[in-house]
Amino acid sequence: MITEALIVSALLFVIGVVGVLTRRNAIILFMCAELMLNAVNLSFVAFAKLHNVTGHVFVIMVMTIAAAEAAVGLAIILSIFRHFGTVDLSNLRTLRG
């Protein structure tokens, strides 16, 4: 059971990393970052079950951070979309200093 959970967690994390490295759409980048955080949550729960420790507290903390990151990130993306009309990060050259 734990081996399968860790394999699924590793696959989800790799999918998230590939998405972050290859995509230029800001919304997809945030979805891939959330996917990586959920993969880490799955491995925390698997290791907590294996070693009989309280890994669930870390899962709640990571979920709280992910929710805050999603709220702030989506607000920034919405602001960028209203100003520029696109969320493609390769088109946003005006943010560079």
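Reply: The account below concerns helix 2 and the elements that pack against it.

The model is predicted, so local features need pLDDT of at least 70 and side-chain atom pairs count only at pLDDT 80 or more, while totals for chains, interfaces and linings use all residues. Residues are numbered from 1 along each chain as its sequence is written, and side-chain values use heavy atoms, with hydrogens and water left out.

Helices (H or I, at least four residues) and strands (E, at least two) are DSSP runs, numbered from the N terminus. Helix 2 covers residues 26-51. Its 26 residues reach 38 Å from the first C-alpha to the last, close to the 38 Å expected at 1.5 Å a residue; the expected span is 1.5 Å times one less than the number of residues.

Which residues of helix 2 are buried? They are Ala 26, Leu 29, Cys 32, Met 36, Ala 39, Asn 41, Ser 43, Ala 46 and Ala 48. Buried means under 20% relative accessible area, exposed over 50%, and partly exposed in between (1.4 Å probe, protein chains only). The buried residues of helix 2 pack against helix 1 and helix 3, where contact means heavy atoms within 4.5 Å.

Two packed helices are described by the angle between their axes and the distance between the axes. Axes are lines fitted to C-alpha atoms, for helices over the stretch in contact, and angles run from 0 to 180 degrees between N-to-C directions. Angles under 35 degrees count as roughly parallel, over 145 as roughly antiparallel, 65 to 115 as roughly perpendicular and the rest as oblique.

With helix 1 (residues 2-22), the axis of helix 2 comes within 8 Å and crosses at roughly 160°. Helix 1 and helix 2 are therefore roughly antiparallel to each other.

Met 31 lies in helix 2 and counts as exposed because its relative accessibility is 53%. Met 31 and Gly 16 are 15 residues apart in sequence and 8.1 Å apart in space, C-alpha to C-alpha.

Helix 3 (residues 56-84) has 29 residues and reaches 41 Å from its first C-alpha to its last, close to the expected 42 Å. Helix 2 and helix 3 pack at an angle of about 175°, with their axes 9 Å apart, and are therefore roughly antiparallel to each other. From helix 2, the residues in this contact include Ala 26, Ile 27, Phe 30, Leu 37, Phe 44 and Val 45; from helix 3, they include His 56, Val 59, Met 63, Glu 69, Gly 73 and Ile 77. The residues of the contact divide into 15 nonpolar, three polar and two charged.

The buried residues of helix 3 are Val 59, Val 62, Ala 66, Gly 73, Ile 77 and Ile 80, and they pack against helix 2. Leu 74, also in helix 3, counts as partly exposed because its relative accessibility is 47%. Leu 74 and Val 45 are 29 residues apart in sequence and 27 Å apart in space, C-alpha to C-alpha.

Helix 3 is followed by Gly 85, whose phi is positive, near 85°. Leu 89 is placed in the segment after helix 3 and is partly exposed, at 35% relative accessibility. Not counting residues up to four places away in sequence, Leu 89 touches Arg 24, Ala 26 and Leu 29. Ile 27 of helix 2 is partly exposed, with a relative accessible area of 38%. With the same exclusion of residues up to four places away in sequence, Ile 27 touches Ile 77 and Val 87. Ile 27 and Leu 89 are 62 residues apart in sequence and 9.8 Å apart in space, C-alpha to C-alpha. By contrast, Leu 89 and Lys 49 are 40 residues apart in sequence and 40 Å apart in space, C-alpha to C-alpha.

Terms used: Ala, Val, Leu, Ile, Met, Phe, Trp, Tyr, Cys and Pro count as nonpolar, Asp, Glu, Lys and Arg as charged, and the others, Gly among them, as polar.
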